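Below are some notes on the model, as numbered points. Please read them beside the coordinates.

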Amino acid sequence: MIKTNNLTKIYRTDEVETVALNNVNVEVAKGEFVAIMGPSGCGKSTLLNVIGLLDNPTGGEYHFNAQEVSKYTERMRTNLRKSNIGFIFQSFNLIDELTVYENVELPLLYIKMSSAERKKRVNEILDRMKIAHRAKHFPQQLSGGQQQRVAVARAVVTKPKLILADEPTGNLDSANGEEVMDMLTQLNEEETTIIMVTHSPSFAEYAHRIIQLFDGHIVTENIKKEFHL
Amino acid sequence: MFKNYLKVAVRNLLRKKFYSTINILGLAIGLTCTILIGLFVQNELSFDKHHENYERIYRLESHFTIQESDDFFAATAFPLGPALKLEFPQDVEEFCRFMPMDNNIFQIDDKKIFEDNVYYADSTLTSFFTHKFISGSPDEALNDPNEMILTESFAKRIFGDKDPIGKVLNTGYGFGFTITGVIEDVPYDSHLRFEAVGSMITLENFFGKERYHSMESGSFWNISIFSYIMLTKTGNIQNVLDGYPAFNEKYLKPVGEQINSKFQLMVQPLADVHLHSDLGYDLPTGNIAYVHIFSIVALFLLLIGCINYMNMATAQSANRSTEVGIRKVVGAQKSYLRSQFLMESLILTFLALLLALIATELFLPAFNEIVDRHLSFNIAENLNFFLGIAGITLIVGFVAGSYPAFYLSSFIPVEVLKGKMGKSKGTLRKILVLLQFSISIIMIVGTFTVIQQLNFLRDKDLGFDKENVVVLTVRDTTGVKNLEAFQDELLKHSQILKAGTSSSIPGKGVGILVQRYETLDGSMAEKGINFVFIDNDYIDVMDMKIIKGRNYDPELTTDLEESIIINQACANVLGWGDDPIGKKLGFGANLDGTSTRDTRVIGVVKDFHYNSLHNKIDPIVILLSDRPLRNISLRIRQENIEKTLKYIEEKWNEFCPTFPFDYIFLDESLNEQYIAEQKIGRVFTYFSIMCIFIACLGLFGLASYTAEQRTKEISIRKVMGASVLNIVFILSKEFSLWVILANIIAWPLAYLALKKWLENFAYSVDLSFFAFLGAGVLALIIALITINFRSIKAALTNPAEALKYE
């Protein structure tokens, strides 16, 4: 599903050039659950952003579903992203002015789904994420765990093929963290591909494979579980 | 999707009540002021346009060149209109003349009513101008002598609810008018407003048939009426002007040559009369310059309100960057985001418009008082104006929403979600603050200068003492006959110090006649010079200063026929310099080379301002009158004025029973010459307060926003040992600098504008550096108070709170 060849990302300011990704070659198969680990500043989030089409690489190739997308314009990336990729962030990134229901509904608005269909889909996912009773609440009225469940609901409401999670448990206590990991595992079992950045070795254990990054390079790849298509 | 935009907009508004209030309030105030001033300007520009034929109607005006001096008058000669119709039948369809009626005391049964706004007019009035008849027939209303039409409210004043048609209204002339029509009140936006019009043909009996219809050359040189012509449907006013030289040759030249004078016909389109006329003997008019000034003030207020809105909207938008990031991550295209921000902005601006419309309704009565108008705001009747305002609001909403729409939507989501963007330096905002304060400073300097000039006009030494002078104008014929006895009675009161009479009152215009004067080589020459008749006491009553020669002496009977007093300007203009005493002056040059009165100069009075300070002091000759003069000036003591007036009224009723008691205080009457300036002074004062208030609202919002943005910095500085004063200084200095810089823009612009305005006056204050400095300092102080109100709060915050939060 995902394949990168010598993927490079360099950040330049007037005086400093920072290599965030240095010839990274990654392959992720459909339905796989991959964890990316590494120290702060090693390029984990940058890799996730490039894979998530939030950012273009400086060099190398990026194949998404067998299409080379590294040179895509923003509009093309947005179109590809909105129907294929869901995001989960450490800081939840919910919109404060929208209710739980509206936050989850948001991605469906941008794919122009009908109102009835949206309603059905949002209610379904809120039920599934056990947050339906909070549908009319605003994010700041929820606990951290609840907020992240809303964020997960929003990420999966469009039924994306790929979910990218950037330290999804980073702001949660262990119980809520476990709960989120269980959700991701369940989604993965339903054949959603998941790539997760994490600092936590225990949560990384949920993945089929762990990629270790250091200074923009892949240093090791550990297969934790058997994965079959 | 629209629902989503709306929801977010409303929730944002409610969540940030403080900023939303500042934002919407500033714009609403700006829009309210713009609507109010817009209504005034629209009204000024609409004068006389309610007449269906206004585009075909022109007012005739006079340009006299007597010797080398030019005079321009709104009034014209009696036969001018008929002669033009006769000579230019292809172009001039009809004429209509208005002649002011004097002694307008109307009587029905025992009821007496005095009314100033009464004219004689030609019967063409009804077809010429659009006046809606409530009763009576327009075609027959003024056809015969002694017929009169009344306005609805005047008819009510006289006849109450009774039908006035056919009733006879007696006048002070000893004859009556039969009421043949009642029309709706003349709209306020008419340059010539009247309460009653008598048929012009009535005057045929007074003048005699021959004189009434005379088109002899002499009758073209006597101006007394307002004349209008209406062009034929195919007519062209240029044809009339082009044909004027031949017309002049035929009608005016014969007498013109004898008196060495020229008459040039001037025409003014009816719709231009109100704003573009600055002529002698005119009715009260507006001034296009003030329409321009008011429009600029409105534009300023709107600009300040809009800048405020844009500033706050863009500052606030930085807080929305995370939302933009999220929306982009979940699939929003730039176009969606642009639409969202624009939509939000438009919703807020239209909310401000709604508030502005409500505020307009509330404040319109007060504004009407300031500008002395009867404006009303009805959206249905004023649709174009309303659409204009809505259009401006739309533009403001669009421009204000464009910044977040185009700037924020271009953010890279990865970066905004990391919090890397969203804090701009705010240079644009600071430049806008600079612009806002420049405008505010211009308005403050303007206010200072207008007030200074008004004070100058009020306090300037006019060459006579205008304080404590009561002027009575005797209209009653018996009163005029017993003028001396009336004065003697008045002087018996201990509070009435002096009494004197004159043919005219300062500030109310004087007469002009061709005079013959002795040149340096001893020959006689002619020149048009102002004149006023007085009695022996007038110069003393007015406290005018004789600087050469002597005053009139009641003991010298020769003074009446052989002596004349002139002012300094007259001595200078006639070339007599320092030695005018004894020079010959023939008052009122006759066509045969003689004068009405051959006099010699016996005295020179110090120049005095007989006209307003808009004009330079003109030469004037002051003569003794052998006939009673209607205007009595009384110098009274300052104490017990009410009692004194009561006494004057008693005596008035005794000597002048026909007319109701009427008086003016000379100082107040002279101040009325500056009504337009007083109006502009009030507008400037109120609207500069509004300007600075809106600007400060914006500044307060921005200072609050900056303080919020710099919470962490402030806390760290405090931990490192900064005092409250240090923090306040840091937060204030940047904005203060911009306010100080605003002076650089404001001062030259204000200087140029005010210099131009002061050119309207022959006598004016010098532009004071202190007015400019004062405005700058005032703006800075107000700005500092505004900023520090918020900065001090920020500086007093416990740093642990902020750092914990961070």
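1. Two strands count as paired if DSSP finds at least two bridges between them; helices (H or I, at least four residues) and strands (E, at least two) are DSSP runs, numbered from the N terminus. By that rule, strand β5 (residues 105-108) of chain B pairs with strand β10 (residues 168-171) of chain B, antiparallel, over two bridges. Within this pairing B:F106 has B:T171 as its bridge partner.

2. This is a predicted model, in which local features need pLDDT of at least 70 and side-chain atom pairs count only at pLDDT 80 or more, while totals for chains, interfaces and linings use all residues. Residues are numbered from 1 along each chain as its sequence is written, chains are lettered from A and ligands numbered from 1 in the order in which they are written, and side-chain values use heavy atoms, with hydrogens and water left out.

3. β5(B) is also joined to strand β6 (residues 111-114) of chain B, by four antiparallel bridges, with B:I105 opposite B:F114. The two strands make a hairpin with two residues between them, and B:D109 in the turn has a positive phi of about 55 degrees.

4. Strand β21 (residues 584-589) of chain B runs antiparallel to strand β17 (residues 511-518) of chain B, with two bridges; here B:R516 faces B:G586. β21(B) also pairs with strand β22 (residues 595-605) of chain B, antiparallel over five bridges, and B:A589 is opposite B:S595. β21(B) and β22(B) form a hairpin with five residues between them, and B:G593 in its turn has a positive phi of about 90 degrees.

5. Helix α13 (residues 334-371) of chain B bends by about 50 degrees at B:F363, the bend being the angle between axes fitted to the seven residues ending there and the seven starting there. A proline, B:P365, follows within four residues. Just after the helix, B:D372 has a positive phi of about 60 degrees.

6. B:F363 also belongs to a nonpolar surface patch of about 580 Å², with B:L351, B:L354, B:L355, B:I358 and B:L362. Such patches use residues with over 30% relative accessible area and no salt bridge, nonpolar side chains (Val, Leu, Ile, Met, Phe, Trp, Tyr) being joined within 5 Å; areas come from the Shrake-Rupley method with a 1.4 Å probe, and for residues only the protein chains shown count as cover.

7. Between the chains, 27 residues of chain A contact 26 of chain B (heavy atoms within 4.5 Å). The buried area is about 2500 Å², 55% of it from carbon and sulfur atoms; this is the accessible area (1.4 Å probe) that two parts lose on being put together, summed over both.

8. Three salt bridges are counted between chain A and chain B (a side-chain nitrogen of Lys or Arg within 4 Å of a carboxyl oxygen of Asp or Glu). The side chains of B:R11 and A:E102 form a salt bridge at 2.3 Å, N to O.

Terms used:
Patch = residues over 30% accessible without salt bridge, like charges linked within 9 Å, V, L, I, M, F, W, Y side chains within 5 Å.
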